[in-house]
Amino acid sequence: MTTYATNNPIGSMDPKDLFDNAQNLDYALNDITKAIWKDRFGRDRKTYWGMEQAFSAQMLSQQIRFNYFIQNSGYQVVGDYTAGPLTVTDYNQLIRYQNELYKLTADTAIPFTTTGNDATSWVNDSVHFINVGDAALRQELSQPGGSSLIGGIEITAESFGVVSGIVAATTAKSNAVKIMQKAAEMSLTGGGKILFTKSLYQVHMDEADYDSSNENFRVGALKIPYDNVILCGQGWFTTTIQAWATNSAYEVIQWTKSPLENGATKVTGVGLHDICIDGNYHGDYTPGSYLRQCAAVRGAGIKGLTICRLRVINTSHYGMGLQNGGYIGCVIDGYWAENLGADGIDIKDNEGVSRAFKLNNIIVRNFGQLDEPEHPWAGLDVMSFAPEISNVYISDFGDKGAIDAGFRLKNGTEGQTGTRGTGGIFANVSNITVIQNRFKATPSVTIGVDIRACNVNYANIVVRGTAAGRIGGGISLEERYCQGVNVQISKVITAYSATNGSNGNDRNYGDAEGCSVTNMSVVDANTAVVTTRKHQRFTSLTLKDCTNGLTSNGSNAGPVTVIGLYLENVANPFGGLATNQNVISGIHGPGSTNFQAGLGTFKDSSGNLAATTILSKSGVRGYVNSTESSAGTEIFRFGAASSSILAPLIITGGITPAAGNTYNVGSSTAPWAGGYTQTAFTITSDELQKSRPLTLARGSLEPAETSDQRLMEQPYADDILDAWAEVDFVQFQFIDRIEAKGDDGARWHFGIIAQRAKEAFERHGLDPHSFAFFCYDPEETIPAVYESVPPVYERVPAVYDGDGREVSPELWRITEPAHEKMVADSYVVGERYGIRYEEALVMEAALHRRNHQRLLAQLDALTERVENLETK
């Protein structure tokens, strides 16, 4: 016993250490009730009484072995030499001297009488005797069970008295005692294998021997925590070790060494090979059908455990419980479990010290029948640092019990929600198949593969429900940096979920950020993907027959990236994506009509590889300054109906329309505010591009000197110019600029009022709409603009009891369904008039030319008259 436990080094003169030393020495020398005491450094030490007990047990063992030898050797002991003289009459008679046995040599005549009884006489008599120790050893080795004297050998159970078949309780208990004794003997000599060659062996323990206290832990009929002893049968369907009791009064195999301590490695090199362990429980898993909940195999703190082709059946609790931590380098290769009340295999890393668990070829069927919601069961439940797990098949979940998962890998110290263990992290998991064939009324809490550990690589996963009902979840992640590949999920409620930890206190991070999956197929799911965490990435994702596709919600949800998405009969592929920074490309399949999108190089209609191409059904948009919380600033938007550049555009080449004289720059409702050019625009003026031109105002050449006879025609040009002459030039301010800048801020412009031009032309019998200088756009209605608003979810936290166990899982409830939101109301744009000033100014110039020509003609006429008058 240690009171202060300062852990000061040896030689410390601290009074507390002196007190602990004195107290410990008192316990070590005088305690006659306990075999073990702990020194001030926490190490186990044997008391003097414990050493006496061990010595007595060893002497008793040697005495038993010696008596066994004597009883079976055929020798007869005459007596001690010191009690002589002795007379030896047969060669099989022995005398004892100094704790050694001697027989007569073959060349000594009988009868022979010793000459004395002391060392002096023994010098003379010893020449007639030979030590029989070597012969005794040879004879003991030749007896049944003699091979156990050599470490690392094999011995049959029958050779040391174990009775096979269905036996009475007393015989079953005797079997257990003999197996435990032989295992202890073999361990002392280096260990070996106990072979069970018959089909059935029954073992039993009295109720009085059952002790679940940590100090004297004894819960199994076979308590064999003896190093390097392995029990071997002839096959996992051939040889069975069975509990004699049928009411689950005790467990069958126990490797746990007393006292039970979390995280302590106490047993080395044990195992079970080619054998079946039968708990012999055949009840209905109700409390009254068993005395206590018992596993078939129980262990704690084992180094070098080997399980090869072990079958475990008929238990009221675990198939195999490897708990309390302290495991190092344990290998399970070939394990079959069925008809269980709880987990197929339960591995707990208490104190976070277990290392190197390797599990392969695991089959678990019909498990988790106990209905205890506070203890949700799993077919394979593993908590160990960096385990390697492969080739696991889980099916037939209990239709009565509280099932959490087919396969569960978790992180954290069991039972200590306030601390974080290291179990489960950096794991490699592959070839996991979970098939559910039976269901309770509410299977939604059941998960196929439940990963509650970070840095897990998982591959080749199959999770499938049946037509009778759906598994609640296909794959559930609660920790960061998990990477998956080749996943097939079918007939589930939620196929893939990445959420926050169900109990954050015993998790390394408590969320599933930074996870990815490559090659995942989801068929027949209510929802294919639910993520409430950031940075989920999917490459080559197939969704078929799903109500909802991708769902991302919650305050911590972040971008979802999908590269390659196949859609077939998915009612709502993206309606549940609440964040704006999702990246989805390469959408294809029968259900991709409205969502097709991709980026890459493809063959065009001519069969040639086209340039890098963006494929989209609903338009392409570009953003800059994007963050996790904001899409950023939109800089362009390309669509089938219209495209927008939302930032200054710099062009390093020319801008050419796809067809000449077809498209406009700006519109009557969205005119440009202005523009700058180095030189004037060039207007098409080629005669080959024009109809029959009509002279508006003649040039200076005489008609006879022109090459174009069409210019000689004089239609209604004067009517046009006369009408134009009535159009006033005015000064004005634009109303929208006055509204924006005020009367004093809005600048003055010079121009023409289009309506006045219309009136002038109509007064002269001319239709202004026939002339290109005059523009008119009728009234039109601009439609309203809508945007899709995803559904809003509310997180309903998981509920836990006082021990930190999950009572109900975390849920997400829709508080606002998806809908279309109007962002701009419709409005009516009234009729609008306009003038093409370059043509209006041509008319103005033509008017001035005509008037100038008329003035010149009048001037010429006046000049002629003046000249005529002057000559008279």
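Let's start with Cys232: at 6% relative accessibility it counts as buried (under 20% relative accessible area, with exposed over 50% and partly exposed in between, using a 1.4 Å probe and protein chains only). Keep in mind that this is a predicted model, where local features need pLDDT of at least 70, side-chain atom pairs count only at pLDDT 80 or more, and totals for chains, interfaces and linings use all residues. Residues are numbered from 1 along each chain as its sequence is written, and side-chain values use heavy atoms, leaving out hydrogens and water.

**Cysteines**
- A search of the whole structure turns up zero disulfides (pairs of cysteine sulfur atoms within 2.5 Å).
- For Cys232, the nearest cysteine sulfur belongs to Cys308, 8.7 Å away.
- Cys330 is buried too, with a relative accessible area of 0%.

**Nonpolar cores**
- A nonpolar core is a set of buried Ala, Val, Leu, Ile, Met, Phe, Trp, Tyr and Cys residues joined through side-chain atoms within 4.5 Å.
- The largest one has 120 residues, and Ile194, Ile277, Tyr458 and Tyr496 touch the most other members.
- Strand E33 (residues 515-531) gives this core its largest share, seven residues.
- Another core, of 19 residues, lies apart from it and includes Trp724 and Ile835.

**Strands E9 and E10**
- Helices (H or I, at least four residues) and strands (E, at least two) are DSSP runs, numbered from the N terminus.
- On strand E9 (residues 153-156), Ile153 and Ile155 make up the covered face, while Glu154 and Thr156 make up the uncovered one.
- E9 runs parallel to strand E10 (residues 192-195), joined by four bridges.
- Ile153 sits opposite Gly192 in E10.

Key. Two strands pair if DSSP finds at least two bridges between them.
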